[in-house]
Amino acid sequence: MNYEQSVREQTEKLQAAGHATILAIESSCDETAAAIVRDGREVVSSVISSQIPLHAMYGGVVPEIASRKHVESVDPVVDECLKKADMTLADVDAIAVTYGPGLVGALLIGVSAAKALAYAAGKPLIPVNHIEGHVSANYIAHKDLEPPFVCLVASGGHSHIVRVDDYGVYTLLGQTMDDAAGEAFDKAARVLGLPYPGGPLLDKLSREGNLHALKLPHVQTPGRYDYSFSGLKTALINTVHKLRQNGQDVPAADIAASFQHAAVELLSDKAVLAAKESGAKIVTLAGGVASNSGLRNTMNDKCQKAGIRLMMPPPVLCTDNAAMIGSAAFYRLMRGEIAGLDLNATPSLRLV
Ligand code: KG4
Ligand code: ZN
């Protein structure tokens, strides 16, 4: 039996059984990660190798360096993940991989590794959308979570409000018109002299500042649930430059706190509004910015007031990891959505 026939038969058997143990690989940006996930909800093992120190000296991710580091890391990360789970390739039912969106060179490393493993082991290959992975981190953190729900996805590259109608069925309610939330945090942090990626450091610094110290513009967007962060970012940059030009001190903690407050109000107001107006009973958070302490606290307060249940993954499942890819992959496998060995990286892949 050839590979295609064999994996089709295996997929049908797994669908009928409703169970699968999946080895997932993630390499879309600056983390090389692998995880083994059972039935979409249980993480057997997870390994994340971060490249952040490599890119920090350049102030951002350098795609060529990222690709080279993924090449070095992908095999050892997969080996370590299997070892931690006390498993071999023969013990997993399928191989999953992020095939977009992300940096093309970085994605290609994960996709090539996953294809080689799937072919060598004769197992189905499951293609996963990175954003769908972020949303699915919530299934790992909350075993009782089922669609429908609304999810605010705020990462370094994306800011979306989506309605998850069913597993794999999404309606886009709103999105950013310019910068992604994480990108805005990183740029604001950079102006304050914080190293890349500044989002988490700005979050920390803001805890020591006065969030009303700086008046930042109230951002208007054409869509009711759409975001815009560039005005906020520019206002902050101008304020810092003016202070420096006048030889005045830059109160970094106050500026960080004011920026975070404005960004968090914007993110949370629209997410809760979208949830309320679409009749959602549950709101979830996803993506790197979902680990922001201000966003988590504010969403808690606003959802409580609105009578909406808030669910969010722990910070380690908000930033890039492969466990979330393994979770999304399970539901794809159950729908029979496997890829051929001609799977390619799709850098601008959309969720909807
Ligand atoms: O989801 P993610 O790990 O990667 C992408 O898919 O983009 O998100 C990374 C982004 C970075 O911009 C990072 O600065 C931001 O998430 N981030 C934060 C925090 N932790 C990570 N932004 C604000 N506060 C945080 N605590
Ligand atoms: Zn991500």
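Helices H5 (130–141) and H12 (323–334) each contribute at least two residues to the lining of the largest cavity; helices are DSSP runs of H or I with at least four residues, numbered from the N terminus. The model is predicted, so local features need pLDDT of at least 70 and side-chain atom pairs count only at pLDDT 80 or more, while totals for chains, interfaces and linings use all residues. Residues are numbered from 1 along each chain as its sequence is written, chains are lettered from A and ligands numbered from 1 in the order in which they are written, and side-chain values use heavy atoms, without hydrogens and water.

One cavity of 30 Å³ or more is found in the whole structure, with a volume of about 50 Å³. On a 1 Å grid over the protein atoms alone, a cavity is a set of points where a 1.4 Å probe fits but cannot get out; a pocket is an open set with protein on both sides within 12 Å along at least five of seven lines; lining residues have an atom within 4 Å of a point. A volume is the space filled by probe spheres set on the points, which are joined across faces, edges and corners.

H5 supplies three lining residues, the largest share. Domain 1 (3–137 + 319–334) and domain 2 (147–314) both give residues to the lining, so the cavity lies between them; the domain bounds come from an automatic or database assignment.

## Zinc site

The protein donors of the zinc ion (ligand 2) are His 130 (NE2), His 134 (NE2) and Asp 320 (OD), at 2.0 to 2.1 Å. Donors are N, O and S atoms within 2.8 Å of the metal (3.2 Å for Na, K and Ca); water is not among the atoms, so sites may look incomplete. The four donor atoms subtend angles of 95 to 129 degrees, which makes the arrangement tetrahedral (four donors with all angles between 85 and 135 degrees).

His 130 lies in H5 and Asp 320 in the loop between H11 (315–318) and H12, so the pair ties together parts that are 190 residues apart in sequence. Both His 130 and Asp 320 are buried (under 20% relative accessible area, 1.4 Å probe, protein chains only).

The largest pocket has a volume of about 1100 Å³. Of its 40 lining residues, Ser 155, Gly 156, Asp 186, Tyr 196 and Pro 197 are the closest to its centre. H6 gives the most to this lining, with six residues.

The second largest pocket holds about 330 Å³. Helix H9 (residues 252–277) gives the most to its lining, with six residues.

Methods
Tetrahedral: all angles 85-135°; square planar, octahedral: opposite > 155°, others 65-115°. Buried < 20%, exposed > 50% of the residue type's maximum accessible area, 1.4 Å probe, protein only.
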